[in-house]
Amino acid sequence: MENINKLNRSSKDEILNELMDKLIQNFSPQCIISFHETLVTRNKKGCYANLTNTAIHYFLLMIVTTEDEYPGQEVWNFIKKNCPDIKVTILTHRETEIKDPNNINRYFFDNIFKNGVFLFKKKNLELPNIPDPNLQEISHNTILVSTYTIEMAQTFRDFAELNLGEDRNMILPFMFNSAIQYACAALIHTFMNYKTNMLDLEWLIGLTTCFSDEPTELMHTSSPQEKELFDILQNKEGLSDNEIDNYDAHYLFVRVMTFIDMAELLCRKKINELQKNSIPAALTSPETNS
């Protein structure tokens, strides 16, 4: 470990230290950068007490040297299995992506390098020199990507509506899942100027928390039945598509339809802001929102 620097890690933050140690031990990253933190409040009601727990949702960028083209899913699976009590969303990318001056996420990476908090960095890591972005080009591309992805979400929603009550409910979870994936992709690109290859709905919705509470609030599961339906919505392994009945299909359709409408409205507001202020669609500092 003599060639490694550990930066900005306070002994007071035991949760973050535990997480960092596990990531370093299991993935040998080149660096880990914190680019946002959000306070998450969970309310629990019972017969004897009402409890309110507050935790931090960490948002990290981790650079690795793996040959796996899409390392993010492996890291996400590891987090869910080994750190179930830690609220964290990790954007995992290969070092070759980071150093590619033409990578689609180059401006996002550059913004995080300049404004994020380095929690861990190997001494020999060299970060690329990215030229200043063309703000008009970014705004134009944001509009194109947002429009396309929202239209794709609406297309899957419309196909799902055609199959409601037609004894074809076995294909509905796939359509619902795809619709929300595209809606999340629109939100993430519009607000963060970031394109992800992750398809896991829990991960995608979790990432939107760094710029809006609305997606997570809309998909909040407050009962065992809602959690089961959300698991079906994610097409989790071991759950058969035909387990969804007509009542649940209509219930999920309304949730999906509302989610897409919400995403479209948020994207429109953000695009109007970008056009008005001519600023890049990216987070600017790792700050905690209360």
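Helices (H or I, at least four residues) and strands (E, at least two) are DSSP runs, numbered from the N terminus. With that in hand, select Ala183, which lies in helix H6, residues 172-192. Before going further, note that this is a predicted model, where local features need pLDDT of at least 70, side-chain atom pairs count only at pLDDT 80 or more, and totals for chains, interfaces and linings use all residues. Residues are numbered from 1 along each chain as its sequence is written, and side-chain values use heavy atoms, with hydrogens and water left out.

**Stop 1: the whole protein**

Zoom out for a moment. The protein has 10 helices and six strands. Of its 290 residues, 48% count as buried; here buried means under 20% relative accessible area, exposed means over 50%, and partly exposed is in between (1.4 Å probe, protein chains only). Now think about contacts, meaning heavy atoms within 4.5 Å. Among contacts between residues at least 6 apart in sequence, 72% join residues at least 24 apart.

**Stop 2: Ala183 and its surroundings**

Go back to Ala183. Is this residue buried or exposed? Ala183 has a relative accessible area of 0%, so it is buried. Leaving aside residues up to four places away in sequence, show what Ala183 touches: Ala153, Phe259, Ile260 and Ala263. Ala183 and Glu264 are 81 residues apart along the chain, and their C-alpha atoms are separated by 7.7 Å.

**Stop 3**

For the naming of angles, under 35 degrees counts as roughly parallel, over 145 as roughly antiparallel, 65 to 115 as roughly perpendicular and the rest as oblique.

Which hand does the crossing of H5 and H6 have? The crossing is left-handed. A crossing is left-handed if the near helix is turned anticlockwise from the far one by less than a right angle, and right-handed if clockwise. Colour the contact of H5 with H6 by class and you will find 16 nonpolar, eight polar and one charged residues. In this scheme Ala, Val, Leu, Ile, Met, Phe, Trp, Tyr, Cys and Pro are nonpolar, Asp, Glu, Lys and Arg are charged, and the others, Gly among them, are polar.

**Stop 4: Asp261 in H10**

Next, select Asp261 in helix H10, residues 246-277. Asp261 counts as partly exposed, at 38% relative accessibility. Draw a distance from Asp261 to Ile150: the C-alpha atoms are separated by 9.2 Å, although the residues are 111 apart along the chain.

**Stop 5: Asn105 and Asn193**

Now move to Asn105, in the loop between helix H3 (95-99) and helix H4 (106-115). Asn105 is buried, with a relative accessible area of 4%. Not counting residues up to four places away in sequence, Asn105 touches His93, Asn193, Tyr194 and Lys195. A polar atom of the Asn105 side chain lies 2.8 Å from the backbone nitrogen of Lys195.

Click on Asn193 from that list. You are in the loop between H6 and helix H7 (201-208). Asn193 counts as buried, at 10% relative accessibility. Most residues other than glycine have a negative phi. Asn193 has a positive phi of about 55° although it is not a glycine.

**Stop 6: Ser28**

Another positive phi, about 45°, belongs to Ser28, again not a glycine. Find Ser28 in the loop between H1 and S2. With a relative accessible area of 42%, Ser28 is partly exposed.

**Stop 7: H1 and H2**

Show helix H1 (residues 14-27) with helix H2 (residues 72-82). Their axes come within 12 Å and cross at roughly 130°. That makes H1 oblique to H2. H1 passes H2 in a right-handed crossing. To see the meeting place, select Leu19, Lys22, Leu23, Asn26 and Phe27 in H1, which meet Glu74, Val75, Phe78, Ile79 and Asn82 in H2. By class, the contact of H1 with H2 has six nonpolar, two polar and two charged residues.

**Last stop: Thr38**

Finish at Thr38 in strand S2, residues 31-45. Thr38 is buried, with a relative accessible area of 4%.

Definitions and conventions
Axes fitted to C-alpha atoms, helices over the stretch in contact; angles between N-to-C directions. Polar contact = N/O pair within 3.5 Å; in protein donor to acceptor, adjacent residues only side chain to side chain.
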